[in-house]
Amino acid sequence: MLQRTIPILILAASGALLIIAYFSPFTTSWGEVVVDWFNVLAAVAYVLGAGNLLAVNLEKVSARRAGWAYALLTLLSFGAMLAFGLFKIGAVPNADNPNVHFAGSYESTQSAFGWVYEYILSPLTATMFALLAFYVASAAFRAFRAKNLEAILLLGTAFIILLAQTAAGMFLTGWIPEASMFAFLRLDWMKVAITEHIQTAGMRAITIGIALGIAATSLRLILGIDKSYLSKN
Amino acid sequence: MSTSKPARTGDYRLLWTSLLVFGLVGLSLNAFGRKAGMANRFVEIESMERIEVADVSTVVAGSSRTAIPEITEWVDPKDPRIAAGAVKPIPGVAPITWQVRSLVSAKDAAATDEARANGDASAPEIVRSPIDSIGVWVAAFLTLGIFSFLYRDNPWYKIAESVLIGVSAAYWMTNAFWSTLVPNLFGKLVPDIVREIAIPKLLPSESPNADFALAVVPLILGFMLIWRLAPRGGWISVWPIAFIIGTTAGLKLVSAVEADLVAQAVATMKPLVVLAQSSESATTAANTINFWGTVGSVVGLIGVMTVLVYFFFSLEHKGAVGKTARVGVWFLMITFGSAFGLTVMGRITLLAQRFEFLFNDWLNIG
């Protein structure tokens, strides 16, 4: 009862309420309350994630397992950033209420939190994503082979899109007048045609498929047909 | 049999030591040998001052702060209402002063310096910011640490990675605390305290008791969710998880059907023949067909329908259905190729930005 029936009822009630709230103006405020609760729980989930991070890394440090020094560094970074943010250290006072310390903004680089964001978190995140350029290119070089029509279409399109966004693309086909009947040979024209018509059509069909999948999965959950979320407990 | 001779550890040590020494010498020369220096950061300083005022009728000469119960506000000393006599500073309350430091580009800093040198007193005060310069060094150190992974996994990369994990987790947790928990949870449970220490402009509730009762529910569910970290009673967290899944299902069901299914279907159902748009004459426009626009519309419709046929697995992909699905696969391949090209270009743009940071902001040689 406590472990199976009530969770199923909670799921069904919350899901059904939000669907009803969409269609009935009389229940809109109920839906807003449920969404507020959801937002609070989503924020609490960050606390849960932080707790998990602490547990994993503390265990690693206390057991002196391989790489414990890096786990300690993670804990120190986490603790420092959390203290900077929660206590708003160095925050710029709020111009309308400078006497209220926690009303200040912690997002400018003047505050410790903003400084860490600007000079540690932001560059690290951007560089991590930039690093993917090498790996995507490397993986593509090893995996892409024009062995059939489908592969040729994929490779050819990627080549046109990449070339069209570089100076070389303009150099190669930029001399063709835009108003001429051969304008479709310009790489920038091809890029627009591919992205606006073919890619849009493909993504549209994929989006429709995903939407149907989401709707079906949501209905299965709300109607209690899918109970996989209970299986680990 | 391989005849290549394995490199000795001593050779690599010499190589890396040489690189380190040359790197440090180069950085020192760049930092101290050039007038322009490196890792420069400039800030514009704006001095702020606020004084507490109240409606002129409530402030009596010689009265203390505690004798004024009415709502007060903090304003700029140059606020025109003070000169007009509408509000009056509260006696005995010290003004609050602070500085706002905003980052400016080196170009703007140089222009402002020149303006000040030419006697322009209105030019803002711009100074070098050592703390921000240290920040540039830290950012460069971590950026190079991440790039070092291209050679192989190493302690430098691991340091950068560990810092990223810790800082990132704390960043999101802090944002969730200040943007959601404080206004939406604590603001309803203890509104007076929240108003006093964090959100002075928190609006008073029309039904505080009902708000309090409604806020207790996510509080309890939140505690139940955190219970997941406890060694026993893991099932307790299933209730809030069921609530989260149910809410997500309810929200997504409606939004997916409305924004993705219906909206995309509507966007597909457009006239296939596209007419040319002319600013000169509406009559001419109505009679002229935009050839490429029409081709695009037809191709778009065929693309959507054939890809949908490919995704339709209730029919075996044979005969006409199979051929249609094959055309759908061609559309999908072009879509994936295009998405791949755009993604690679996005990553390369990010990479270029990181190099710009290293060469312009850090080394100052761009």
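I looked up the contact between the two chains first: 124 residues of chain B are in contact with 114 residues of chain A (heavy atoms within 4.5 Å). The model is predicted, so local features need pLDDT of at least 70 and side-chain atom pairs 80 or more, while totals for chains, interfaces and linings use all residues. Residues are numbered from 1 along each chain, chains are lettered from A in the order written, and side-chain values use heavy atoms, without hydrogens and water.

I then took the area buried between chain B and chain A, about 11200 Å², with 80% from carbon and sulfur atoms (accessible area, 1.4 Å probe, lost on being put together, summed over both parts). B:Met173, B:Trp178 and B:Phe243 supply 6% of what chain B buries there, more than any other three residues.

I found 3 salt bridges across the interface (side-chain nitrogen of Lys or Arg within 4 Å of a carboxyl oxygen of Asp or Glu). A:Asp36 and B:Lys188 form a salt bridge at 3.2 Å, N to O. Helix H5 of chain B, residues 155–189, gives the largest share of the side of chain B touching chain A, 28 residues (a helix is a DSSP run of H or I, at least four residues, numbered from the N terminus).

I checked charges over rings (NZ of Lys or CZ of Arg within 6 Å of the ring centre and within 35 degrees of the ring normal). The charged end of A:Lys88 is over the ring of B:Trp178, 4.2 Å from its centre. A:Arg64 lies over the face of A:Trp68, at 4.6 Å from the ring centre.

Key
Buried area is the accessible area (1.4 Å probe) that two parts lose on being put together, summed over both. Helices (H or I, at least four residues) and strands (E, at least two) are DSSP runs, numbered from the N terminus.
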